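Work through the exercises below with the sequence and the 3D structure open. Try each task before reading its solution.

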Amino acid sequence: MNEIICPNCKKAFKVDEAGFADILKQVRDHQFQEELDNRLALAEREKQSAIQLAEATVRHTLQEQLAKKDNELTSLKSRVASELAEKLAQKDHELSMLKTKSESELAAKLSGKESEIAEMRSKLQQASISEQLKVAEAIKQIEKERDTLSNDLKLKATETQLLEKSMQEKFANQLMVREETIKMKDEEIAFYKDFKQKQSTKMVGETLEQHCEIEFNKLRATGFQNAYFEKDNDAKGGTKGDYIYRETDGAGNEIISIMFEMKNENDETATKKRNEDFFAKLDKDRQDKNCEYAVLVSLLESENEFYNTGIVDVSHKFQKMYVVRPQFFIPIITLLRNAAMNSLKYKAELNLMRNQNIDITNFEEKIDSFKKGFAYNYDLASRKFTKAIEEIDKTISHLNKTKDALLSSENNLRLANNKADDLTIKKLTYGNPTMKEKFEGLSDSENS
């Protein structure tokens, strides 16, 4: 045991060897740290001094180099200035000599040019006199030709007036004849228009329906090979139309369908029918026969310019309905058919979507059936699985308890082992002088 006196309270206390070594180590560490800090501070001051010295040295060197460069630059400027002054004086001398030489040469050339100008002036005067004589002769000749042309012009003007008068009389006669011809043509055109209407009305002994059917059959083999155009004989809805036109593509998709109604005016009837009187019935027939369009081929209201303009769209009154004269029977089919051909692709896609929807519906029904069966089997399996999980949880709980008991016994054994390792003779004899004396006697006997 070591005795230590506290520097503050001046009391003595005893410390064992381990505690004394620890205190000694702390004191040494403290002294080492203070010495290390002092050395680091000294090294830092030396480093700052070295840096300041190096900066002063570099600054002095740079100042010397700068002064040297300034001297060199001053000498260079003076040398360049002297050289430029010498060259400038030389150029001024050359320029003065060149001016003197140029003035003498210009004076000689100027005298020569003045003599040439005098000669040219004399020649120009002589040429001017001769030109004046030639101009006078030319003027006389031109005046003579002018008089001749003036006489000829007067003669031509007289002939032109006579010719214009005869031509005016001739064109006046031709104009009268043309006006009479135009009048005859207008009368003929009006006659043929009326004749055409009469011919359309009578259809050369045929009915309007027969005429339309004949016109269609003329083009059936070439333009309407996949088309159906027959009379509507189905009156189960109470009424029926005149003709139904349907056309499909190679895959059986319907391109277009039209319900036709033909109306021919009878001149002997007392009351005249209007086209509007048949719109409602035609629309009903179209819907009953599931047709897309409705067309009224009519000779009614022959004086109405609204229906004489061509193909008339009356869809503002009834959906997808048109009124045409017989001469537009084929054009209306072609027009609607071409428009439908553009939408054929979308109709085919629509049919494909419908078929796909049917397949999807069947597929969904199969999925629902599978879901129901799977849910029933899943419920049974889930209950059994839950029961098995509960049994496993019980087993796990039991094993965890066993594990905790084993870990607890292991911890107790570890503590006992640590206590056995920590047991020494010093600890056993501490505070027990009898046992200490026995052990010391035993060790002495072993040594002897």
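**Exercise 1: sheet pairing**

Task: find how many bridges join strand β6 to strand β8, and in which sense the two run.

Solution. Strand β6 covers residues 293-298 and strand β8 residues 321-324; four bridges join them, and they run parallel. Helices (H or I, at least four residues) and strands (E, at least two) are DSSP runs, numbered from the N terminus. Strands count as paired if DSSP finds at least two bridges between them. Next, locate Leu296: Val323 in β8 stands opposite.

The model is predicted: local features need pLDDT of at least 70 and side-chain atom pairs pLDDT 80 or more, while totals for chains, interfaces and linings use all residues. Residues are numbered from 1 along each chain as its sequence is written, and side-chain values use heavy atoms, with hydrogens and water left out.

**Exercise 2: around β5**

Task: describe how β5 pairs with β4 and with β6.

Solution. Start with β4: six bridges, antiparallel. Thr248 has Glu254 in β5 as its bridge partner. The two strands form a hairpin with five residues between them, and Gly252 in the turn has a positive phi of about 90 degrees. Now turn to β6: six bridges again join it to β5, but the two run parallel. Here Met262 is bridged to Val297 in β6. Finally, check burial: eight of the 10 residues of β5 are buried (under 20% relative accessible area, 1.4 Å probe, protein chains only).

**Exercise 3: two packed helices**

Task: what is the angle between α2 and helix α5, and how far apart are their axes?

Solution. Helix α5 spans residues 329-342; α2 packs on it at about 45 degrees, with the axes 10 Å apart. Axes are lines fitted to C-alpha atoms, for helices over the stretch in contact, and angles run from 0 to 180 degrees between N-to-C directions. That angle makes α2 oblique to α5, a class left after under 35 degrees (roughly parallel), over 145 (roughly antiparallel) and 65 to 115 (roughly perpendicular).

Then list the contacts (heavy atoms within 4.5 Å). From α2 come Cys212, Glu215, Phe216, Leu219 and Gly223; they meet Phe329, Ile330, Ile333 and Arg337 in α5.

Technical notes
Buried < 20%, exposed > 50% of the residue type's maximum accessible area, 1.4 Å probe, protein only.
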